[in-house]
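Hi,

Here is the structure I promised to pass on to you.

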Amino acid sequence: MPKVDVSKGIEVGPSHYSVVCGEDTNKELESKAVYGDCAGLLRRIRVATNTSEEQFSTTFLHESLEAINDIWCNSKLEHELLTNLANGLSQVLRGLGISFKFDNSR
Ligand SMILES: [Zn+2]
């Protein structure tokens, strides 16, 4: 299954969001008991890599939707709905053979 590398970040509206992964990030996310987060002011998405491939893709989509919600939707999407959309989108993309990875070999 082809995996799309997200390590260069994503474009959301006029903004570039960096995608940050790594050992330190895993520890910080673990201490908050979350798989990822999205800091709007910092334009930064963090995703835990010490999970399954499937969880990584779902979390990446979830945090991307958080950014999209901020930029495109005036944060009107409620979190439960956003979570459901991310889960559904993740399933559809997986069914099409698309998943995501963070390639830190560069
Ligand atoms: Zn969230």
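Predicted model: local features only at pLDDT ≥ 70, side-chain atom pairs only at ≥ 80, totals over all residues.

The protein chain has three helices and six strands, and along the sequence they come in the order β-β-β-α-β-β-α-α-β. On overall dimensions, the C-alpha atoms fill a box of roughly 35 × 30 × 25 Å along the principal axes. The radius of gyration is 13 Å, which agrees with the value near 13 Å for a compact globule of 106 residues. Buried residues account for 27% of the 106 residues. If you count contacts between residues at least 6 apart in sequence, 61% of them join residues at least 24 apart.

Strand S5 (residues 44-47) pairs with strand S3 (residues 15-20) in the parallel sense, over three bridges. S5 also pairs with strand S4 (residues 36-39), this time in the antiparallel sense and over four bridges. Arg46 of S5 turns up in both pairings: it is the bridge partner of Val20 and also that of Asp37. The hairpin of S4 and S5 has four residues between its strands, and there Arg43 takes a positive phi near 50°.

Next, the core. The largest nonpolar core has 18 residues, and the members that touch the most others are Tyr17, Val19, Ile45, Val47, Phe60 and Ala67. S3, S5 and helix H2 (53-72) are the elements that give two or more residues to this core, with H2 giving the most, at five residues. Phe60 is worth a click in your viewer: leaving aside residues up to four places away in sequence, Phe60 touches Val6, Val47 and Phe100.

Finally, the last helix. Helix H3 (residues 79-95) has 17 residues and spans 24 Å from its first C-alpha to its last, close to the 24 Å expected at 1.5 Å a residue. Just after H3 comes Gly97, which takes a positive phi of about 85°.

Best wishes

Conventions:
Residues numbered from 1 in each chain as written. Pairing = 2+ DSSP bridges. Core = buried A, V, L, I, M, F, W, Y, C linked by C-beta atoms within 7 Å. Buried ≥ 20, exposed ≤ 12 C-beta atoms within 10 Å, placed from the backbone. Contact = placed C-beta atoms within 7 Å. Rg over C-alpha atoms; globule rule 2.2 N^0.38 Å. Expected span 1.5 Å × (residues − 1).
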